[in-house]
Amino acid sequence: MTQPSESKVRGWAALAVVAYGAVVVALTMLKAFFVIGLLWRPESQRGRSVEWVPFAQFRGAQTWFGPLFDALGNLAFFVPLGVLLYILLEGRARAVLVVVAAGAAASATVEVLQYLLALGHSDVTDLLFNTAGALVGALIARACGPRLHPLWIGLALTTAAVFAVLVVLGP
């Protein structure tokens, strides 16, 4: 079996970035307008709050699980984005650094828009863990090398397709 050409892989990676990016936007900015199963109540997503103190959710929490789940979820959420962006930038100078900067910029954009549009809770801890997720994704893609690029792209496209089906199915 032959490996796909580098330009073909990058083309699919670009499509996967758009598809997975749509999932990120939907799950961070649009939860007030749809529901998947009974995972959240759309009306509870319409609000505006901001937390500027890093890791504030860990202080005074009634349980360790909620804040930890939220933090690790934010990290995991941006790992695919980091992997895909690295695939697009592989071979360029400082590719990992560029992926981290792009992940931070994307997360900051989401947090600011959530606040401005009253579509959720803006939190600096989310920004930190999203950025760390982009870094982890870039490091995974770099460590695994090009032979696994088609796998990562396929997983991201599958995730986007499953998400779309779940949204259509609704509650």
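**Exercise 1.** In this predicted model, Tyr20, Phe77 and Phe78 form one aromatic cluster. Determine which geometry the pair Phe77 and Phe78 adopts, and classify Phe77 as buried or exposed and Phe78 likewise.

*Solution.* 
1. A search of the whole structure finds eight aromatic pairs. Trp64 and Phe65 form an aromatic pair, to which Exercise 2 returns.
2. The ring centres of Phe77 and Phe78 are 6.1 Å apart, and the angle between their planes is 65°.
3. Planes over 60 degrees apart count as edge-to-face; the pair Phe77 and Phe78 is therefore edge-to-face.
4. Phe77 has 16% relative accessibility and so counts as buried, since buried means under 20%.
5. Phe78 has 2% relative accessibility and therefore also counts as buried.

**Exercise 2.** Classify the geometry of the pair Trp64 and Phe65, then state how exposed Trp64 is and how exposed Phe65 is.

*Solution.* 
1. Trp64 and Phe65 lie 5.9 Å apart, centre to centre, with 85° between the planes.
2. This angle is over 60 degrees, so the pair is edge-to-face.
3. Trp64 has 62% relative accessibility and therefore counts as exposed, the cut-off being over 50%.

**Exercise 3.** Identify the ring over which the charged end of Lys31 sits, and the ring over whose face Arg48 lies.

*Solution.* 
1. For Lys31, the ring is that of Trp40, and the charged end is 5.2 Å from its centre.
2. For Arg48, the ring belongs to Tyr115, with a distance of 5.3 Å from the ring centre.

Methods
Residues are numbered from 1 along each chain as its sequence is written. This is a predicted model: local features need pLDDT of at least 70, side-chain atom pairs count only at pLDDT 80 or more; totals for chains, interfaces and linings use all residues. Side-chain values use heavy atoms; hydrogens and water are left out. Rings of Phe, Tyr and Trp (its six-membered ring) pair if their centres lie within 6.5 Å; planes under 30 degrees apart count as stacked, over 60 as edge-to-face and the rest as tilted. Buried means under 20% relative accessible area, exposed over 50%, partly exposed in between (1.4 Å probe, protein chains only). A charge sits over a ring if NZ of Lys or CZ of Arg is within 6 Å of the ring centre and within 35 degrees of the ring normal.
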